[in-house]
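Let's take a walk through this structure together. Have a look at it first, and then we'll go piece by piece.

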Amino acid sequence: MASIENRSRFVVEVHKAPELTQTFAYNREPALKAYLADLDSRGYKPKLSRTDDSFAIRIREGAHPKQCLYASTEGEAVGIKQKIEEERNRSLFIDYAQGFRVTFADLLARYLREISPRHKGFEIEGYLINAILEDAGLARVDIAKAYADHKNPHPSHASKKFAKPSGKGIRTPSVTSCFVRKSFGALMPEDFNEYIDDRCQAVAASSVDREVDIFSAVCRLAIDTWRIPVAKSPMDGVRRPKYFNERDRRLKADEEQRLLSAAYDEDAQQSIELRLEELTGEERAASCQSPTTYQRKNIVKAARIKHREEAQASYTHVPWMETFIQFQLMTGARRSETLSLTWDNIDFDNQTAFIPETKNGRPRKLPLRKDIIALLQQLPRNAERVFSITLDTLRNAWDRICKQAGLVDVDELHVHDLRHEAISRVADAGGKLPGGFSLVDLQAFSGHRDTRMLLRYTHLCTPSLAKRLDAAFADQSQTVIHRGQRRLKNGSSLTMKEVINTQAPLDTVAAGPLPAPQATANNVIAFRPRLAA
């Protein structure tokens, strides 16, 4: 039914003569014997061995098509043989040869055409997959056509104009990308591991991990959805790159004031440019009649010099970047959520902003403080979106602002750091209140689906927990003394869940580390006498 054939290479070695070492393919026995005979005739004592790295599993079953699978170790080959024999005993005749008739590059291209257009990150996935295909010497997939041909694409790209290939590579080519030319059934974990090791030399480990995410998704789809059977998933045994890119950047001293001052100057320059565009409108229209580009540019340049002083004296200051920064600091919104916010989704009366779609795919509402409401009302409403700027415009403006504020190099500040600062401030402010904020409160503010993402903020919630402990134990109606220990009664204002959610390794109170609560038979929460009121 199934047989294993050793296809490992033969290695001929001679003691203390490494220059005579040669390898022979499994099917080159005549050449091997001739070389051994030659060494014997010259007085050498050759040593023959095998590399034990290639095995073929041949499957023959009556009228069913013959199959030939491959393994890199004898143990893996035996496992595949046993699995196939078990399937045959259950009358399962799976065509594993199908995986050898399609390459991994074919599956990547199919994923880009059929699956990726459904995703919010379709454009990024398209660039990554096309770059890998191009590194392997294969044709790119037209992502604009793939999106247009898809029956149910993601609506966020409906009005998107995808960039056309310019021929200029922005990615460091990887020679190991050629593994995508291999058939899906012949892929091994080593193929992915070599690619990962090579890519980690050129880009950050987090970037490589996102590429591995795509590989994993394609393999899973090929096996589970497209029904391309393989004896074992090639992703089993792949070593993902390890990295830690969590930032804990907080604004220090006068950094916030410097940032907002630089943002004000940036807004002033942009407002002057808008006013200058209005004043030079007639000259720009007249320059279109000039026969050459050189003359048109000279007319516009002269007009800008002529109206510069008037623009500086009569411009209307529009605080775009200043409001954007304050919005991030007061709401903790993600950058994409802020840039996609529309005027229709802001409820000024109830002080909320509705985000129809967030990073995790769920809608949420942002609480708006009165300070940010006042800033938003200063912005013009001549567009659908509140911040009618592109991502590239924001990046360029942010770079100029940080450079002017001195927030570069070791003090570099990212836009996402403002979100971290906002959540930290809310957690810190809750620690100063008797009721405080729990992780559930922070989750509602930040929009995280999993409270584990907020564990980095738990130490900021500890002061409020200490105040609530004091208040709970000070109220005699909420406690009971049992065997010399004061315990919280069932139904007290401080619950077990709140203590556990707020507790972290760094949690401390005045008397020392906070002990773990103990549930008793009477369903009360017990603490050691050291914390008793």
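Phe24 and Tyr35 are both buried (under 20% relative accessible area, with a 1.4 Å probe and protein chains only; exposed is over 50%, and partly exposed is in between). Keep in mind that this is a predicted model, where local features need pLDDT of at least 70, side-chain atom pairs count only at pLDDT 80 or more, and totals for chains, interfaces and linings use all residues. Residues are numbered from 1 along each chain as its sequence is written, and side-chain values use heavy atoms, with hydrogens and water left out.

Phe24 belongs to strand β3 (residues 22-24) and Tyr35 to helix α1 (residues 29-41), so the pair ties together parts 11 residues apart in sequence. By the way, helices (H or I, at least four residues) and strands (E, at least two) are DSSP runs, numbered from the N terminus.

Now jump to helix α14. Leu394, Ala397, Trp398, Ile401, Cys402 and Ala405 are buried there. Looking down the axis of α14, its buried residues fall within an arc of 130° (taken from the directions from the axis to the C-beta atoms), so they line one face of the helix. The face turned away from that buried side carries exposed Asp392 and Lys403. After α14 comes Gly406, with a positive phi near 75°.
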